[in-house]
Amino acid sequence: MTRETFLNVILFAILPVTALAAFALDEPFIITLATKAAILALAGVGLNIALGLGGLVSFGHAAFFGLGGYAMGILASHAQSYTPLMETPFLIEGTKSMLVIWGVAIIAAALAALAIGALSLRTTGVYFIMITLAFGQMLYYFAISWPAYGGEDGLSIYIRNDFPGLNTLDPIQFFAIAFGVLAIVLFGAGRLAKAPFGLALSAARQNAERVETVGLTPFRIRLVAFVISGAVTGLAGALFADLNRFVSPTMFSWHTSGEIMIFVILGGVGRLFGPVAGAALFILLEHTLGGISEFWQVYLGLLLLGVVLFARGGLIGTIAGREVAHD
Amino acid sequence: MTDPLLKLSDLNKSFGALKATDNVSLTLMPGEIHALIGPNGAGKSTLIKQVAGGLRSDSGTVEFAGRDVTPLGTVARARAGLGRTFQISSLAMEYTVLQNTVLGALGHDGAVMRFFRPVMKDRALVDRGMAALERVGLADQAAKRTADLSHGQRRLLEVAVALTLDPKVFLMDEPMAGLGASGSKRLTGFLDDLRAQAPILLVEHDMDAVFALADRISVLVYGQVIATGTADEIKRDAAVREAYLGAEDAA
């Protein structure tokens, strides 16, 4: 077992161990924190596919996170007010089914990523960052100015959505759902990185000319990666909205894009468990430092500065060393 | 007479007032090594890019295996069977040596939209990548990180990646550059055999290699082909001596 594998096992165990300990000690708030970390990690795992593997520095992943959130908010709000989403040309009703909501969130985010990616992947470097940021902000202002779904105030959902066989309002059960989704996506992302697609995607980051010369199109590979990336972050958005039973335009804001990026950078860009480490650390800091000072983000900024200057591989890179090329 | 595999007709390319490629026409016949020589700045690299598809020609056509590929880009020309190596090694540096050739095999295979099965456990791709490494003598370096290879080994890996594509034509931009005498001699022997598999359009500064290998040589000066012929013809050509070899004699 390599050092990174060992570290990954620990990182994988941290959240459920924390949640179960909190359950035993009857500390539901801690369970909720662990749930939040799992969901934010999921958003980071999504971004990491584009940013880590593909080298696509998207500063607009809040767009997908927010779309996932609003997919949940819109469907559930119609269900709780017993009004159909639309009646013509055919009837679409709201739903409280988590599985249906996830499906809608994934599809909505994937379609948005397809459109945003098709336009922004024609640029590189700082232009790509700026264009993805612009798309995120467009959706942010759109959400603010759309009164039907709460505008600036957002949407409140009174009861968490349903999952077959589970009581989603019980913190530990909802944690199990969120962590289960994270585990499945981590497994899939790990496979993707080692699959033919991952080899080509990472090669396109290292040397696009090389990829073209062997007859593969970097643009197409990157676009598919961007769509998968957006879909995963969209799923995280739906879960995040369900956790809070609330969705607001903040989910679309560039702060959110920045935070998702921070999870990835703190944990280790391109490392499978990087976002898990990053999100867990972020929540830990928010919870501990946030209690000391409301300006806790100053310390987060210092930490981030330290990572970027001295520990490029993030938390995982610092502990486990340079990534071994996969065999 | 057989048809040429690669046929450049009246290619032109200007950068502002500079005519980098001036009405260049040349052919590459099956089984031959056609060397392209010329002093620095003669436009060899520009011409290579026009053939490979990275640079659009102002006018003229590139025909490949009887098909006009002029409007096609790099990817489509590679898929059509053009195997290119770069003057400055262009490899995925974070990858192992084997991963680079497996990437080539994947390109040859074309089935990149596979998301689940590990690529390095795909027997067909790995075998193909490994076979190419064996041919250039890099098999024992397969697990090494490409960034840790010596300059000469990277040159060989460039050739190995091109081999995985099983191209109809090789387009090699100074494969000997910086190889040293023994490495250069080995690669010369290798290319000598390779022409039977697919013809090579070879840009090379190493004159020993060029005269030993080339069936035909074209001399490019200021973007124009001033002479095409066998090694002996080129050595005797007055214009070439004046423009190119003469400069070396004087030195």
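How many bridges join strand β3 (residues 33-37) of chain B to strand β9 (residues 216-221) of chain B? Figure 1 has the answer.

This is a predicted model, where local features need pLDDT of at least 70, side-chain atom pairs count only at pLDDT 80 or more, and totals for chains, interfaces and linings use all residues. Residues are numbered from 1 along each chain as its sequence is written, while chains are lettered from A and ligands numbered from 1 in the order in which they are written.

**Figure 1. Strands β3 and β9 of chain B, side by side.** These two run parallel and are joined by 4 bridges. Look for B:A35, which sits opposite B:I217 in β9(B). Strands here are DSSP runs of E with at least two residues, helices are runs of H or I with at least four, and both are numbered from the N terminus. Two strands pair if DSSP finds at least two bridges between them.

**Figure 2. The open sheet of chain B.** Its 6 strands come in the order β6-β7-β8-β3-β9-β10, and the pairing is mixed. At the edges you'll find β6 (82-85) and β10 (224-229) of chain B, each with a single partner strand, so one side of each has no neighbour in the sheet. From one strand to the next, the twist averages 15°. Angles like this run from 0 to 180 degrees between N-to-C directions, using axes fitted to C-alpha atoms (for helices, over the stretch in contact).

**Figure 3. A helix lying across the strands.** Helix α1 (residues 44-52) of chain B lies across β3, β6, β7 (169-173), β8 (200-203) and β9 of chain B. The helix runs at about 150° to β7(B). Residues are in contact if their C-beta atoms, placed from the backbone, lie within 7 Å.

**Figure 4. Where chain A touches chain B.** Chain A puts 24 residues into the contact, and chain B puts in 32 residues. On the chain A side, the elements giving two or more residues are α6 (171-194), α7 (196-206), α8 (208-213) and α9 (218-244). The biggest giver there is α7(A), with 6 residues.

Figure 5. Most residues other than glycine have a negative phi. A:D26 is exposed, with 8 other C-beta atoms within 10 Å, while B:Y222 has 15 C-beta neighbours inside 10 Å and is partly exposed. (The cut-offs, with C-beta atoms placed from the backbone: 20 or more others within 10 Å is buried, 12 or fewer is exposed, and in between is partly exposed.)

Note on methods: Contact = placed C-beta atoms within 7 Å.
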